[in-house]
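Please open the model in a viewer and keep the selection tool at hand. The tour moves from one selection to the next and says what is found at each stop.

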Amino acid sequence: MTVLRSFVVGGAGFIGSHLLDRLVDRGPVTVFDNLSVGKRAFIADHLDAGRAALVEGDALDLEALCSALRDHDVVFHLAANPEARWGLERTRLDLEQGTIATYNVLEAMRRTETQQLVFSSSGTVYGDTPEPRTEEDLGLPISLYGASKLAGEALISAFGDCFGLQAWIYRFGNVVGARGTHGAALDFLRKLSKSPTELEVLGDGRQAKPYLHVKDCVAGMLFGLDHSTGPLSILNLAPPDGSTVTRIAELCVAASPYPDATIRYTGGDRGWPGDVPRSRMVPDRMSALGWSVSRTSDEAVGLAITELAAEVFGDQER
Ligand SMILES: NC(=O)c1ccc[n+]([C@@H]2O[C@H](COP(=O)([O-])OP(=O)(O)OC[C@H]3O[C@@H](n4cnc5c(N)ncnc54)[C@H](O)[C@@H]3O)[C@@H](O)[C@H]2O)c1
């Protein structure tokens, strides 16, 4: 295998740290992360073994990005505002952490003549539609987070065409697993640890989305990178099915030390404005390349809840 010098923006976070577990086998890795959400502990084994280096820096600092990026082959850009609903209170957040940070990554690549980019987009670019979405479907996002992902995709397309950069854009479903930093399952488990008798769930519980285990997410990203050769590959990375919020809540209660906790729904068809209540993604392009998920959405959720419950409750009896 050719040695790959990887640069991972946001590499100390949830998906980034799992990506590192695989990337270190391909060559040296530099993680560029401001540690706002990510943790050194997530990647400490690789740092201590000298297989990866951590540059503490902010993607909003273009000069810092440029000086750290020199002499790498491929950039994985994973940094973003982690919580779509935070955009409701701070409307510049996704513009800065999504759109401008992505512009900076692209501009740093142009200035340092770095050729390949892998970008973490999201199914939120398709907007509020229950029909299964293929990559050809043009949607309009309903959250500021989704808008910043779509803007990032547009910038990548334009930079690619103008400056000859090759890019892989992955539209992830909801990614779940160990070291998770956000999302419904982690929220529910944390709520249960604070309030063991009742679990409050936003919405009516019927919201349903595709959930992808983080190991599949990373495997799919690397498979696409190795097998999709065009200048711009846009790929849905999600299982074709989905899981309901009620199922996630019930599994969280069962995996907690409080299996008698009751579930209370706040009502309404969605958790918050901007939350897409029901979505599905068609992963046919990944299938055509020869790759598919190893777990259904419900299987991914089940495994992730076991992993996250062990982190949240530790040795407490379950
Ligand atoms: N987890 C999911 O369900 C999911 C779904 C769709 C898309 N995505 C996208 O995948 C990417 C990774 O998500 P994640 O779940 O690992 O999130 P995460 O928050 O765990 O990881 C993001 C990392 O980026 C770092 N970061 C944030 N802003 C930064 C900045 N300005 N400069 C430098 N570092 C910065 C954080 O410290 C963190 O380590 C994000 O772009 C996210 O939008 C995630």
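**The ligand and its shell**

Select the residues around the ligand: this shell divides into 14 nonpolar, 12 polar and two charged residues. Here Ala, Val, Leu, Ile, Met, Phe, Trp, Tyr, Cys and Pro count as nonpolar, Asp, Glu, Lys and Arg as charged, and the others, Gly among them, as polar. The model is a predicted one, in which local features need pLDDT of at least 70 and side-chain atom pairs count only at pLDDT 80 or more, while totals for chains, interfaces and linings use all residues. Residues are numbered from 1 along each chain as its sequence is written.

Next, highlight Gly-10, Gly-13, Gly-38, Ala-80 and Ser-120, which come nearest of the 28 residues around the ligand. A residue is near a molecule if its C-beta atom, placed from the backbone, lies within 6 Å of it.

Colour α1 (14-23), α4 (93-112), β5 (116-122) and β8 (174-176); each supplies at least two residues of the shell. The largest share, three residues, comes from α1. Helices (H or I, at least four residues) and strands (E, at least two) are DSSP runs, numbered from the N terminus.

**A stop in α10**

Now select Ala-309, which lies in helix α10 (residues 297-313). Is Ala-309 buried or exposed? Ala-309 is buried, because 24 other C-beta atoms lie within 10 Å; the cut-off for buried is 20 or more, and for exposed 12 or fewer. Its C-alpha atom is separated by 24 Å from that of Gly-10, 299 residues apart along the chain.

**The whole chain**

Of its 318 residues, 47% count as buried.
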